[in-house]
Amino acid sequence: MELYKLTVHEAADLINKREVTSQQIVQSTLQQINEVDKDVKAFITLADERALEESRQLDASVADEEGLSVLAGIPFGVEDNICTEGVRTTCASKMLENFVPPYSATVVSRIAQQKGILMGKLNTDEFSMGLTTESSYFHETRNPWDLNRIAGGASAGAAAAVAADEVFYALATDTGGSLRRAAAFCGVVGLKPTYGMVSRYGVISSGSSMDQVGPVAKDVKDCAIVFQAIAGRDMADPMTAKAMTSNYVQALADDVNGLRIGLLRECFDQGVDKDVKDAVLNAVKSLEGLGAHVEEVSLPSIEHAPAAYCVILSAEASSNLGRYDGIKYGYRVERCQDLDELYKKTRTQGFGDEVKLRVMLGTYALSAGNYERYYLQALKIRTIIKNEFEKAFEKFDIIVLPTCPTTALRFGDKVDNALAIFLADKYTAPASIAGLPAITVPCGFDTKGLPIGMQFIGKAFDESTLFRAAFTFEQNTDYHIKRPAIDWR
Amino acid sequence: MAVGITVKDVEYLAEAAKFEFTEEQKQKFAQALSDIINAVDRLAEVDTEGVQPTIHVLSVKNIFREDVVLPSMDRDILLKNAADVQDGCYRVPKVVE
């Protein structure tokens, strides 16, 4: 049996029945990484020795009859903008090339408490700014479904690693759609939680009012299992909400009877590929056949979401990235005459162009004379969009739309101009700026055989309903069990 | 109305953000910034009269805890990631004349 191909819940069953050990699973996974990662390039840092040692210790310390947590002994990966104690965390930047965090992010500690096995750190765009991983200081991550194509961005390493069975699941961040886009391009499940549902402690800040960590997983059940482990209040992140978390795994039901689904009109227009549109509409039809009520819904102001997101993110990022001064940690230029020279030389050499552009843009949007026109105006439009969602949710339980307007593009296809970025953000940024939870599930393939993602947006703190809709769709289709058919040998 | 970011604007922003650019880079950044600013400038057309800005989607309140000393991270561990350290402190170039 090829253990690396299993889902978390399948592997956990075998471990709990003592039919396989954690070591066997880790070894099988490492073999797969050795086989495929030279092509996929999902990892920046592999923690193989540490993973083997942890799995050995776990196997040795478990008594015969002891019940284990469902994540115990199972390999996972972490996007490289989330701190891992003792394991290099680079943010895919020269600035943090040699940064070894003295502590772990809360999300990582919570998995560690359950004895999950960290396999390593996954590629992203530099400081998570980009759509392709072309801005990574290290390398580009390639899509396991077609190595000439992008795996998304910024969370491409996380999604590609899960799709290529290099890890059982991954933790990644989503600020404006990063996690969801990459999951959709790679044919896996991804959840961006409600803002405040998951701790950001130890997550390297990008757009602080939107950053959230979520799971990238092989199926919806795994996604719920991992979310259950990381969600909930954390005193180290004052923005985590007091809202009660529920039992997301128990709530998984194959039942959408009476569920009110709003089909988001603005995201099925001429901007979306025909294959994508058809696949999502077909998927919605199958949910309708299972008892859901489907009706069109319009959120007219979301056409402004990408521009508002762009301004808010740049403003917040320009402020967050001010901390990289060459003094406390990170890259530093030696032999400077004064402090100003140290700052300038360090930041000029330590950051790439994409990051500099964002920081410059944020500085512009926050500067005297521009603050009201750009930043304050973006925050007001955020209010309008948030209100439109609230009104829609009086009538609907979830809103459905494509996760991306296209399937994965080829490297070199122009995705770096402002308008292309805006088009992609139109589908994912609305949930981000409104702080709402959103899940992407595979719902079909285009004529080139590339995976298509369908996105559900839910009410704040109502991840349960998202999981239920996604789980029901999955139980009645088989897109989630399809894997890239690349011959690695 | 098209907004143009000039090389002079780039120099001003670079000083604020602490970057150094060559003349060629300044031109490039001026163009890239102009493109994006023009794309986001449509925001100004939206009627937001009387709308309150949303800085955070959740209402933010102060969180209090008992004023007791809790363990914090070890100084030597924290200094490990610094490039230049002396006597338990960060060392920096001359700050004042």
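How accessible is B:Lys28, and does that count as buried, partly exposed or exposed? I looked this up first: B:Lys28 has 48% relative accessibility, so I put it down as partly exposed. One thing to keep in mind as I go: this is a predicted model.

**Entry: between the chains**

I followed B:Lys28 to its partner. It forms a salt bridge with A:Asp353, and the closest N and O atoms are 2.8 Å apart. B:Lys28 sits in helix α2 (residues 23-40) of chain B and A:Asp353 in helix α11 (residues 353-366) of chain A, so this pair joins two chains. A:Asp353 counts as partly exposed, at 33% relative accessibility. I also noted a network: A:Asp340, A:Lys344, B:Glu15 and B:Lys18 are joined by salt bridges that share partners.

Then I looked at a nonpolar patch on the surface. A:Tyr201, B:Met73 and B:Leu78 make it up, with about 230 Å² of accessible area together. I checked B:Leu78 separately and found it in helix α3 (residues 75-79) of chain B. Its relative accessibility is 37%, so B:Leu78 counts as partly exposed.

**Entry: salt bridges inside chain A**

How many salt bridges does the structure hold over all chains? I got 33.

I picked out A:Arg181 and A:Asp425, whose side chains meet at 3.2 Å, N to O. A:Arg181 belongs to helix α6 (residues 178-186) and A:Asp425 to helix α13 (residues 418-434), both of chain A, so the pair ties together parts that are 244 residues apart in sequence. Are these two buried or exposed? A:Arg181 has a relative accessible area of 6%, so I call it buried. A:Asp425 is buried too, with 4%.

Next I took A:Lys426, which meets A:Asp269 in a salt bridge of 3.0 Å, N to O. A:Lys426 is in helix α13 of chain A, while A:Asp269 is in the loop between β9 (260-264) and α8 (274-289), so here the linked parts are 157 residues apart in sequence. A:Lys426 counts as buried at 14% relative accessibility, whereas A:Asp269 counts as partly exposed at 28%.

I also compared A:Lys426 with A:Trp145. They are 281 residues apart in sequence, and their C-alpha atoms are 25 Å apart in space. I found A:Trp145 in the loop between β4 (142-143) and β5 (146-150) of chain A. It is buried, with a relative accessible area of 17%.

Most residues other than glycine have a negative phi, and most peptide bonds are trans.

A:Thr133 has a positive phi, near 70°. I located A:Thr133 in the loop between β3 (117-122) and β4 of chain A, and at 0% relative accessibility it counts as buried. A:Asp165 also has a positive phi, about 60°, without being a glycine. A:Asp165 is in the loop between α5 and β6 (169-174) of chain A and is buried, with a relative accessible area of 5%.

The peptide bond from A:Gly153 to A:Ala154 is cis, with omega near 5°. I placed A:Ala154 in the loop between β5 and α5 (156-163) of chain A.

**Entry: a helix pair**

Which way do α2(A) and α3(A) run, roughly parallel or roughly antiparallel? Helix α2 (residues 22-40) and helix α3 (residues 48-61) of chain A have axes that come within 8 Å and cross at roughly 160°. I therefore wrote them down as roughly antiparallel to each other. Their crossing is left-handed.

Conventions. Residues numbered from 1 in each chain as written. Chains lettered and ligands numbered in written order. Predicted model: local features only at pLDDT ≥ 70, side-chain atom pairs only at ≥ 80, totals over all residues. Heavy atoms only, no water. Patch = residues over 30% accessible without salt bridge, like charges linked within 9 Å, V, L, I, M, F, W, Y side chains within 5 Å. Areas by Shrake-Rupley, 256 points an atom, 1.4 Å probe, with all protein chains shown as cover. Salt bridge = Lys/Arg side-chain N within 4 Å of Asp/Glu carboxyl O. Helix = DSSP H or I, 4+ residues; strand = E, 2+ residues; numbered from the N terminus. Buried < 20%, exposed > 50% of the residue type's maximum accessible area, 1.4 Å probe, protein only. Axes fitted to C-alpha atoms, helices over the stretch in contact; angles between N-to-C directions. Parallel < 35°, antiparallel > 145°, perpendicular 65-115°, else oblique. Left-handed = near helix turned anticlockwise from the far one by under 90°.
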